[in-house]
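Subject: Structure handover

Dear colleague,

As promised, I am passing on the structure below, followed by what was found in it. Please read the notes with the structure open beside you.

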Amino acid sequence: MAYEPYVTPEYYTEEYGGGTVPEEKLATALRKASRHVDSLTYNRIVGQGFSGLSKFQQEVIREVVCLQADFECENEDEINTILSSYSINGVSAQFGSSWNVFTDKGVAMKKDIYALLCQTGLCCRLAR
């Protein structure tokens with residue numbers, strides 16, 4: 001049984017109205033974003049099945065996957081860099097935890113997107 005992302009390319013373009021991710025990379029980006037959501041929710045969605053979630057949880061997860069796919073596409077170079085910081089001509093940049101980026105389990109996500117995902121109740125380490 002193959003892994004099914006929580007968002008289809010059709011949903012991304014038609015319902016969400018996305019256009020950031022190029023069409024040729026869209027299926028891969030949505031799959032990757034869905035896997036990252038699984039990591040941050042301790043695979044609870046996989047465990048109980050997407051259809052076993054409430055309509056609210058399903059809608060929030062779909063939105064988070066779309067937002068995460070956009071974020072990862074827009075910041076692909078920075079996310080995939082092996083450097084933690086660099087400085088050039090007096091300008092410096094640092095990667096990792098910053099005021100608006102959350103990182104956990106190797107996943108970088110904007111904090112507001114993570115806060116949205118937390119509304120599902122699936123991100124709490126103590127939840128069952």
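Of the 128 residues in the protein, 35% are buried, where buried means under 20% relative accessible area, exposed over 50%, and partly exposed in between (1.4 Å probe, protein chains only). Please keep in mind that this is a predicted model, in which local features need pLDDT of at least 70 and side-chain atom pairs count only at pLDDT 80 or more, while totals for chains, interfaces and linings use all residues. Residues are numbered from 1 along each chain as its sequence is written, and side-chain values use heavy atoms, with hydrogens and water left out.

The protein has six helices and four strands, which follow the pattern α-α-α-α-α-β-β-β-β-α along the sequence; helices (H or I, at least four residues) and strands (E, at least two) are DSSP runs, numbered from the N terminus.

Leaving aside neighbours within four places in sequence, V64 is in contact (heavy atoms within 4.5 Å) with V37, M109, I113, L116 and L117.

Strand β4 also pairs with β3 (residues 101–104) in the antiparallel sense over four bridges, pairing being assigned if DSSP finds at least two bridges between two strands. Within this pair, V101 stands opposite K110 in β4. The two strands, β3 and β4, form a hairpin with two residues between them, and K105 in the turn has a positive phi of about 55°.

The partner of K105 is D104, with the closest N and O atoms 2.8 Å apart; K105 is partly exposed at 40% relative accessibility, and D104 is partly exposed at 23%. In another salt bridge, the side chains of R62 and E59 meet at 3.9 Å, N to O. R62 and E59 are separated by about one helical turn, because they lie three residues apart in helix α4 (residues 55–74).

Definitions and conventions. Salt bridge = Lys/Arg side-chain N within 4 Å of Asp/Glu carboxyl O.
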